[in-house]
Amino acid sequence: MTPMDARHLKTAADARALVEARGLSHVKLGVVDLDGVIRGKYLAREKFFSALETGFNFCDIVFGWDSNDQLYDKCNFTGWHSAFPDAVARIDPATCRELPTEDNMLFFLGEFEGTAAELCPRRLLRRIVDRAAEMGFAATVAVEFEFFVFDETPHSVREKGYRDLKNLTPGWFGYSMLRSSVESDFHQALLKLCDDMDVPIEGLHTETGPGVLEAAIHYSDALAAADRAVIFKTFAKVWAERQGKMMTFMAKWSNAYPGQSGHLHLSLRDADGEPVFHEAGRPGNMSDTMRWFVGGQQALLPEVLAMVASTVNSYSRLIPGFWAPTDATWGIENRTCALRVIPGSPSSQRVEYRVAAADINPYLAIAAALGSGLWGIEHRIEPGEPVTGSAYDIPHPAARALPRTLSEAANRLTASAAARHLFGDTFVDHYAMTRHWEEREFRKAITDWELARYFEII
């Protein structure tokens, strides 16, 4: 590594040398909250050097408020009763990224230590990765996001009340060569941004709907995949807004169009780096290890759904006929199922966790998908029969039904012995509390549907 190379940093000394070589007075630093939002600040050079060695303080309010900066009403971890003290966090030098939108500025991700580590999404995923290592496995993960692009600004969408928004392009043009060629400057600039930020994109194409794109991020180890995903969601939006445009990663922003997915592709390797999901001659080329992995995911999906479908809006996407599952189903090359087994060569054999939407917190969603699969291997859980044909047309056992609301999902998480074993009581109780809060905030809102339906006639 040369002193000017922002990629592949490993140590605090590497990070210090790079900042010194750049002559930076400040460095940008971020941590990720429970909603997957990066919260951060600029840190002065000398303060950053100190933080590399001993950690840094960050107000623990990031675990005491929601995505709209409103305080939770039933939070035991922090609040007025504790006076919102600082929590200790540490910088991971390996997360260093160039910020092309800020000349030669550098960005680093941090994660929490001490009691806050039990709630920190990045630390939670790290614990699941460590669990896999103890079992002799390492996970490979790829994340793909669908997102709508608008010719709007943060001011204009609010002035319009989020109605009558102008999409980047009109019409339903899935996999459109026309749209991607006309908008090639936009597409290529986004690809370059991602390459510069070490978030390599394997594929970028238009999806079904006006101005909707899908970006498939190149696979990597689980923690790096989550880092790439959260960096993509944040800095793609930053870049777009600097171009006078906006992106949304809501699960479903309009009744007129399908929801936006955030599918996860997972596979396992053994301690020697050899794939363990493939066994030729078996149905779907599935090894016992893969079958149990899918069995665990299927069994626990209704219990951990709150960690994957984490907003009220997530459940507007999980309806029949809109390319999103409604039950914990699996099938071989079946896109109507929650879990799609993708047969292939030993290196490409994987399972696609299709229940996830673009609104995921990548750390929590990957932790849920990977953790439940490991649980299946540990307990040799057999999946049900694979679905052939449309999963929407087949009756499924009640135990396979996914929660229909965020509150129901939070209740299932709270009652899950497996989730408590995998993620810890502190996380499960606190996180479920935050999801119940989110649903209560939603219940306070008067929707357009209610006004149109009841204003005059009732």
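Helix α11 and helix α13 (residues 425-443) pack with their axes 8 Å apart and at an angle of about 165°, where axes are lines fitted to C-alpha atoms, for helices over the stretch in contact, and angles run from 0 to 180 degrees between N-to-C directions. The two helices, α11 and α13, are therefore roughly antiparallel to each other, given that angles under 35 degrees count as roughly parallel, over 145 as roughly antiparallel, 65 to 115 as roughly perpendicular and the rest as oblique. Their crossing is left-handed, a term that applies if the near helix is turned anticlockwise from the far one by less than a right angle, with right-handed used if clockwise. The contact, meaning heavy atoms within 4.5 Å, involves several residues of α11, including Leu 406, Ala 410 and Leu 413, and several of α13, among them Val 428, Tyr 431 and Arg 435. By class, the contact of α11 with α13 has 6 nonpolar, 4 polar and 4 charged residues; Ala, Val, Leu, Ile, Met, Phe, Trp, Tyr, Cys and Pro count as nonpolar, Asp, Glu, Lys and Arg as charged, and the others, Gly among them, as polar.

The model is predicted, with local features needing pLDDT of at least 70 and side-chain atom pairs counting only at pLDDT 80 or more, while totals for chains, interfaces and linings use all residues. Residues are numbered from 1 along each chain as its sequence is written, and side-chain values use heavy atoms, with hydrogens and water left out.

Helix α11 (residues 406-414) also packs with helix α8 (residues 288-308), at an angle of about 120° and with the axes 7 Å apart, which makes α8 oblique to α11. The crossing of α8 and α11 is left-handed, and the contact includes Pro 302, Val 304 and Met 307 of α8 together with Ala 409, Arg 412 and Leu 413 of α11. Its residues divide into 7 nonpolar, no polar and 2 charged.

Elsewhere, the axes of helix α7 (residues 222-242) and helix α10 (residues 362-379) come within 9 Å and cross at roughly 145°, and α7 passes α10 in a right-handed crossing. Among the contact residues are Leu 223, Asp 227 and Val 230 of α7, and Tyr 363, Ile 366 and Leu 370 of α10. The contact of α7 with α10 divides into 10 nonpolar, no polar and 1 charged.

Strands β1 (residues 26-32) and β2 (residues 38-44) pair in the antiparallel sense over 7 bridges, pairing being assigned if DSSP finds at least two bridges between two strands. The bridge partner of Leu 29 is Lys 41 in β2. The two strands, β1 and β2, form a hairpin with 5 residues between them, and Gly 36 in the turn has a positive phi of about 85°.

The protein chain has 14 helices and 15 strands, which are DSSP runs (H or I, at least four residues, for helices; E, at least two, for strands) numbered from the N terminus. Its radius of gyration is 22 Å, close to the 23 Å that the globule rule gives for 458 residues, so the chain is as compact as a globular protein of that length; the radius is taken over C-alpha atoms, and the rule is 2.2 Å times the number of residues to the power 0.38.
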